[in-house]
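This briefing reviews a predicted model. The points below are grouped by topic and may be read alongside the sequence and the coordinates on display.

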Amino acid sequence: MTEPTITQLLPMPEDWRRALAVVAHPDDLEYGCSAAIAGWTDGGREVAYVLATRGEAGIDTLEPAKCGPLREQEQRASAAVVGVSTVEFLDHKDGVIEYGLDLRRDIAAAIRRHRPELVITLNHRDTWGGVAWNTPDHVAVGRATLDAAGDAGNRWIFPELTERGLAPWNGVRWVAVAGSSTPTHATDASVGLERAVRSLLEHRTYIEALTDEDPETYARGFLTGNASATGERFGGKPAVAFELFGR
Ligand SMILES: [Zn+2]
């Protein structure tokens with residue numbers, strides 16, 4: 001019998017200065033990606049966050065008008081833990097984000113404002129590894145982000161953005177999709193993992209509504225488990241995986 005072959009992940013590109021992460025909800029980046037982000041900001045790279053919503057429909061026991069501002073605050077605190085000070089919200093409605101031109105335009109505008117070389121987003125496919133159904137918000141935002149990386153560079157696609165003073169930005173070299181079940185690349189999470197745990201813990205209201213487990217045990221268990229599983233395909237160190245699309 002032969003052992004099953006485990007495909008090794010390639011190292012993420014390192015030759016960039018600015019990244020923009022675009023996701024649907026507060027906590028999307030903290031469930032796995034923020035260990036990578038902590039490592040990158042340590043190395044002097046700039047990372048900004050753009051969230052399509054404030055996650056106002058995310059907590060059953062808290063009405064959206066109260067939930068939105070609270071989760072916005074938790075997201076800003078969470079970003080600060082991993083060295084990210086710019087957090088923007090696009091004001092789409094949580095749970096009912098529509099894939100379409102409005103979303104593509106808003107994300108293309110954000111890409112033109114921030115002029116990143118690397119764009120990060122979250123799993124845009126129908127399922128999480130064929131096991132759990134993904135949410136329509138993640139699918140819409142992930143797909144629109146992959147599309148908007150191209151839209152941002154074309155002056156004729158959304159000419160109204162140029163009229164608003166946002167010049168085309170054709171400098172996106174890669175879009176990295178976190179949470180993909182078919183990752184291609186990874187980055188070392190060992191230096192950022194402890195801060196990733198603390199950044200996830202900043203979403204305390206959400207976590208307390210989600211689980212009866214002690215929040216710290218929950219956050220640490222989730223993130224270290226995933227990082228070690230990825231590490232098996234990346235030289236044995238804890239790692240964060242991405243599916244990397246070049247442009
Ligand atoms: Zn989400």
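His138 has a relative accessibility of 11% and therefore counts as buried, the cut-off being under 20%. In this predicted model, His138 is one of the residues that coordinate the zinc ion.

**Zinc site**

- The zinc ion is coordinated by ND1 of His25, OD of Asp28 and NE2 of His138, at 2.0 to 2.1 Å.
- Along the chain, the spacing of these donors is H-x2-D-x109-H.
- His25 belongs to the loop between β2 (18-23) and α1 (34-42), whereas His138 belongs to helix α4 (residues 136-151), so the pair ties together parts that are 113 residues apart in sequence.
- His25 is also buried, because its relative accessible area of 10% falls under the 20% limit.

**Packing of α1 against α6**

- The axes of α1 and helix α6 (residues 193-201) are 8 Å apart, and the two helices pack at an angle of about 120 degrees.
- This angle makes α1 oblique to α6.
- The crossing of α1 past α6 is right-handed.
- On the α1 side the contact is made by Ser34, Ala35, Ala38 and Asp42.
- On the α6 side the contact is made by Leu193, Arg195, Ala196 and Ser199.

**Burial of α6**

- Helix α6 is mostly covered, with 7 of its 9 residues buried.
- The buried residues in α6 are Leu193, Arg195, Ala196, Val197, Ser199, Leu200 and Leu201.
- The elements covering these buried residues include α1, α2 (64-81), α7 (204-210) and α8 (215-231).

**Cysteines**

- The number of disulfides is 0, where a disulfide requires a pair of cysteine sulfur atoms within 2.5 Å.
- Cys33 is buried, because its relative accessibility is 3% and the limit is 20%.
- Cys67 has a relative accessible area of 0% and is likewise buried.

**Glu163 in helix α5**

- Glu163 is located in helix α5 (residues 159-163).
- The relative accessibility of Glu163 is 70%, and the residue therefore counts as exposed, the cut-off being over 50%.
- Glu163 and Leu103 are separated by 60 residues in sequence and by 18 Å in space, C-alpha to C-alpha.

Key: Residues are numbered from 1 along each chain as its sequence is written. This is a predicted model: local features need pLDDT of at least 70, side-chain atom pairs count only at pLDDT 80 or more; totals for chains, interfaces and linings use all residues. Side-chain values use heavy atoms; hydrogens and water are left out. Buried means under 20% relative accessible area, exposed over 50%, partly exposed in between (1.4 Å probe, protein chains only). Donors are N, O and S atoms within 2.8 Å of the metal (3.2 Å for Na, K and Ca); water is not among the atoms, so sites may look incomplete. Helices (H or I, at least four residues) and strands (E, at least two) are DSSP runs, numbered from the N terminus. Axes are lines fitted to C-alpha atoms, for helices over the stretch in contact, and angles run from 0 to 180 degrees between N-to-C directions. Angles under 35 degrees count as roughly parallel, over 145 as roughly antiparallel, 65 to 115 as roughly perpendicular and the rest as oblique. A crossing is left-handed if the near helix is turned anticlockwise from the far one by less than a right angle, and right-handed if clockwise. Contact means heavy atoms within 4.5 Å.
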